Amino acid sequence: MSIWQSLARKALKGEELSNREALSVLNCPNEQLLNLLDSAYQVRQQYYGNKVKLNMIINTKSGLCPENCGYCAQSRDSTAPIEKYRMMDKEAIIQGAKRAHEMKSGTYCIVASGRGPSKRELDTVTSAVVEIKQHYDMKICACLGLLEPEQANQLKEAGVDRYNHNINTSENHHDQITTSHSYYDRVATVNAVKAVGISPCSGVIVGMKEKKEDVIEMARALRELDADSIPVNFLHAIDGTLLAGTNELTPSYCLKVLCLFRFANPTKEIRISGGREVNLRSLQPFGLYPANSIFIGDYLTTEGQARLQDYQMIEDLGFEIDYVASEECV
């Protein structure tokens, strides 16, 4: 039995990888990469078969953010030439849900920039969610920044299924990425949504000058948080941001990261997220052997791959979209 097969068996038993084992995944020799992917696929296949979940984002408020996150084109320190606008109205958010439904997305992600939502912004989102739930059989994920417990409860009552708030990086590396909020501010928001019964979504951004040990700590922290959905972003360094020009990732390393997150969180939705196209490049299809979810369409301030290419990629792998093709309610 290879070391990778032994790690797969360990993951299937629910056992946690040691630091040494986790580091061996990230240091896997490229000539063994296919064997590593096959072992991670055994775990993925056990819990998700060959189905792929699709998620679509709507950026309901762009830029104008007071936070200083070094990776983000929407931060206060960014000079990136992005479109900036206040919160969309309810009707625009509902129209976005219609597009998500047409694109076979099982989860519609309502995202807004900022430290956290104002009362008006929260009311706009919750009002839209109530109507969306009356028309479409899809999960609603909100991503509105830091939340207070009463705000989390308002989202729950409106019908929000999932809330995204990424830890982004390890506790030790956090201050190298942002200082306008703490790592524990982020953890507190994840715990706040869990407390009201909203499914927690929390992930990372890899490639921000962290060490491999930091990547291992990210995977372990999300296991401890018990996040149901884990978006794994790979840094797409944008001109005008503090991390502009950073280019540390290779396609093969990205695949090893995805394998690590599958072994560390075997039962969870592992989603290949921002930076998929520019970092995995021609190896994108291989990412779906450890991961079982992708974003379809564009991201917040960067373009994604054409959706027909994503459909074709899934079909060519012999996988299928995990989607309930419900009719619009009338």
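**Exercise 1.** Determine whether Tyr253 is buried or exposed, and which residues it touches.

*Solution.* Step 1. The relative accessible area of Tyr253 is 14%, so this residue is buried; buried means under 20% relative accessible area, exposed over 50%, and partly exposed in between, with a 1.4 Å probe and protein chains only. The model is a predicted one, in which local features need pLDDT of at least 70 and side-chain atom pairs count only at pLDDT 80 or more, while totals for chains, interfaces and linings use all residues. Residues are numbered from 1 along each chain as its sequence is written, and side-chain values use heavy atoms, with hydrogens and water left out.

Step 1. Tyr253 belongs to helix α9; helices (H or I, at least four residues) and strands (E, at least two) are DSSP runs, numbered from the N terminus.

Step 2. With residues up to four places away in sequence not counted, Tyr253 touches Leu26, Val206, Lys212 and Val215, where contact means heavy atoms within 4.5 Å.

Step 3. Thr267 is 14 residues from Tyr253 along the chain, and the two C-alpha atoms are separated by 22 Å.

**Exercise 2.** Compare the span of helix α3 with its expected value, and state which elements its buried residues pack against.

*Solution.* Step 1. Helix α3 covers residues 33-48, 16 residues in total. The expected span is 1.5 Å times one less than the number of residues.

Step 1. The buried residues of α3 include Leu33, Leu36, Leu37, Ala40 and Arg44. An α-helix has 3.6 residues a turn, so residues three or four places apart point the same way.

Step 2. The packing partners of these buried residues are α1 (3-12), α2 (19-26), β1 (51-61), α9 and β8 (269-272).

Step 3. After α3 comes Gly49, with a positive phi near 55°.

**Exercise 3.** Repeat the analysis for helix α7.

*Solution.* Step 1. The 13 residues of α7 (183-195) reach 19 Å from first C-alpha to last, close to the expected 18 Å. Step 2. Among the buried residues of α7 are Tyr183, Arg186, Val187, Val190 and Val193. Step 3. The buried residues of α7 pack against α6 (149-158), β4 (162-164), β5 (199-201) and α8.

**Exercise 4.** Examine the phi angles of Asp226 and Arg281.

*Solution.* Step 1. Asp226 is not a glycine, yet its phi is positive, near 60°. This residue is in the loop between α8 and β7, and at 39% relative accessibility it counts as partly exposed.

Step 1. Arg281, likewise not a glycine, has a positive phi of about 50°. Its loop runs between α10 (276-280) and β9 (293-295), and Arg281 is partly exposed at 45% relative accessibility.

**Exercise 5.** How many cavities of 30 Å³ or more are there, and what lines the second largest cavity?

*Solution.* Step 1. A cavity is a set of points, on a 1 Å grid over the protein atoms alone, where a 1.4 Å probe fits but cannot get out; lining residues have an atom within 4 Å of a point. Grid points are joined across faces, edges and corners, and a volume is the space filled by probe spheres set on the points. The count is 3 cavities of 30 Å³ or more.

Step 1. The largest cavity has a volume of about 910 Å³. Its lining has 42 residues, with Tyr71, Cys72, Asn166, Ile205 and Leu300 nearest its centre.

Step 2. The second largest cavity holds about 70 Å³, and its lining includes Glu16, Leu17, Ile216 and Leu260. Helix α8 (212-225) gives the largest share of that lining, 4 residues.

Notes: 1 Å grid on protein atoms, 1.4 Å probe; cavity = no way out; pocket = protein on both sides within 12 Å on 5 of 7 lines; lining within 4 Å.
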